[in-house]
There are 2 protein chains.
Amino acid sequence: MKENKYDDPVFFQKYSEMNRSKYGLQGAGEWQEFQKMMPDFTDKEVLDLGCGYGWHCAYGVQKGAAKVLGIDLSEKMLSQAEKINRHEKITYKRAAMEELEFPDHSFDIVLSSLAFHYIKDFPVLAEKISRWLRPEGTFLFSVEHPVFTAYGSQDWYYNEKGEILHFPVDNYYYEGKREAVFLGEKVTKYHRTLTTYVNTLLKTGFILESLVEPAPPENMLDLPGMKDEMRRPMMLLVRAKKINTGEKI
Amino acid sequence: MKENKYDDPVFFQKYSEMNRSKYGLQGAGEWQEFQKMMPDFTDKEVLDLGCGYGWHCAYGVQKGAAKVLGIDLSEKMLSQAEKINRHEKITYKRAAMEELEFPDHSFDIVLSSLAFHYIKDFPVLAEKISRWLRPEGTFLFSVEHPVFTAYGSQDWYYNEKGEILHFPVDNYYYEGKREAVFLGEKVTKYHRTLTTYVNTLLKTGFILESLVEPAPPENMLDLPGMKDEMRRPMMLLVRAKKINTGEKI
């Protein structure tokens with residue numbers, strides 16, 4: 001089984017206290033931008049990789065999805081999803097996304113929110129997703145930004161008074177494992193370059209439709225630390241379309 | 001007239017001593033990757049924005065271009081181009097690229113090497129380029145990477161012994177003017193986010209074909225400082241295709 005930090009009781013408790021856990025999509029700083037990128041869900045079959053509490057699954061159903069399959073590695077996450085985002089059109093399933101297999105053309109939409117930085121091999125997964133999608137299908141994901149994952153610690157660089165000086169970038173071209181600190185706990189994440197995220201899509205049968213580095217929304221700038229989020233990108237939002245067989249680009 | 005650092009005699013002298021000035025494309029660290037992204041030049045009409053010494057103009061002609069128009073703001077650059085990359089199929093013209101006007105569908109290829117970080121408004125220029133290109137035309141450019149331009153100084157962050165600690169990122173979402181130090185001289189450059197570079201293209205009639213952050217080539221890793229180039233991205237290479245009128249994406 002893959003590393004499963006979210007089933008660590010201390011980590012999960014801390015995660016459950018985050019705004020995005022308590023308030024759902026509205027509590028997530030990137031949602032205002034991510035929402036704009038959402039495709040039409042009407043009658044669509046949807047796969048959500050790393051569904052967590054199921055907020056995006058529920059959103060899909062609310063917007064007309066025919067059915068949604070939410071995948072997560074964490075039992076605790078899924079148990080919470082079954083409690084707060086249960087719906088007859090949503091199926092939650094425990095699995096490591098790297099080990100999933102589906103027939104070609106199984107879904108109209110594949111989405112993933114802040115999960116791909118936990119997986120080791122993005123190109124292999126992207127190729128599978130390309131096969132799982134029907135032609136014209138949508139692949140939409142958010143992920144931690146390569147600027148945010150490169151150095152490893154995911155923390156600012158401070159002066160001796162503890163004031164933020166800037167955000168450090170290092171080892172950018174050395175992709176792979178990083179020991180990050182998230183919610184005060186050590187978590188293993190994977191850094192990869194922007195080239196790997198974007199060019200992989202272009203090489204595996206996708207057209208890039210939108211790429212957004214979400215800045216903090218105006219109405220959240222008064223939250224603690226939020227102004228500093230203007231100083232470096234933390235997330236990358238990407239929307240791509242599966243090319244029609246035979247479509248030339 | 002726009003700021004024209006390259007006509008400053010001291011700066012120009014230093015620039016002329018760089019490998020990319022002395023040895024042309026082979027002396028440029030990014031060329032191995034950029035070359036792979038070059039389109040078919042056969043019988044094509046080409047515009048080179050910020051052509052400098054004319055290396056890319058000459059390359060286009062060598063690869064079969066019908067004619068090439070090289071634009072640069074610097075008289076010294078163009079005078080050198082006329083000396084070392086003169087050709088009957090190449091026209092060099094002095095102009096600020098922001099002030100250019102051409103009829104729609106004037107070119108098959110628009111390229112630009114390391115010049116767009118000197119211009120203030122990329123979206124306005126991108127829209128013009130989209131109009132100047134014929135359907136299916138190629139827009140190919142290299143530019144300093146947003147990670148490299150965000151902080152401003154474009155220098156590493158050092159410890160008290162003068163050793164490199166990491167590369168600093170700050171003010172990422174505040175686009176605009178930066179006072180960089182390049183070749184020991186102060187130069188004004190413009191920072192913009194990756195979102196602005198990429199999403200602008202998607203909104204102005206282009207399909208993204210390739211996005212590459214070139215890592216230093218293996219055979220240059222022994223040059224002074226080159227190993228440090230593995231630690232942060234310095235350049236962004238982008239290739240896009242003008243959409244056919246009526247083509248759906």
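How much area is buried between chain A and chain B, and what share of it do carbon and sulfur atoms give? In this predicted model, local features need pLDDT of at least 70 and side-chain atom pairs count only at pLDDT 80 or more, while totals for chains, interfaces and linings use all residues. Residues are numbered from 1 along each chain as its sequence is written, and side-chain values use heavy atoms, with hydrogens and water left out.

The buried area (accessible area, 1.4 Å probe, that two parts lose on being put together, summed over both) comes to about 3400 Å² for chains A and B, with 57% of it from carbon and sulfur atoms. On the chain A side, A:Y173, A:E213 and A:M230 give up the most area to chain B, together 20% of what that side buries. As for contacts (heavy atoms within 4.5 Å), 39 residues of chain A touch 39 residues of chain B. Two salt bridges (a side-chain nitrogen of Lys or Arg within 4 Å of a carboxyl oxygen of Asp or Glu) turn up across this interface. B:R231 and A:D170 also pair up through their side chains in a salt bridge, at 2.7 Å from N to O.

Within chain A, the axes of helix α6 (residues 122-132) and helix α8 (residues 194-203) come within 10 Å and cross at roughly 30 degrees. The two helices therefore count as roughly parallel (angles under 35 degrees), and α6(A) passes α8(A) in a right-handed crossing. A:F122, A:P123 and A:A126 of α6(A) make the contact with A:T196, A:Y197, A:T200 and A:L201 of α8(A).

Key. Chains lettered and ligands numbered in written order. Axes fitted to C-alpha atoms, helices over the stretch in contact; angles between N-to-C directions. Helix = DSSP H or I, 4+ residues; strand = E, 2+ residues; numbered from the N terminus. Parallel < 35°, antiparallel > 145°, perpendicular 65-115°, else oblique. Left-handed = near helix turned anticlockwise from the far one by under 90°.
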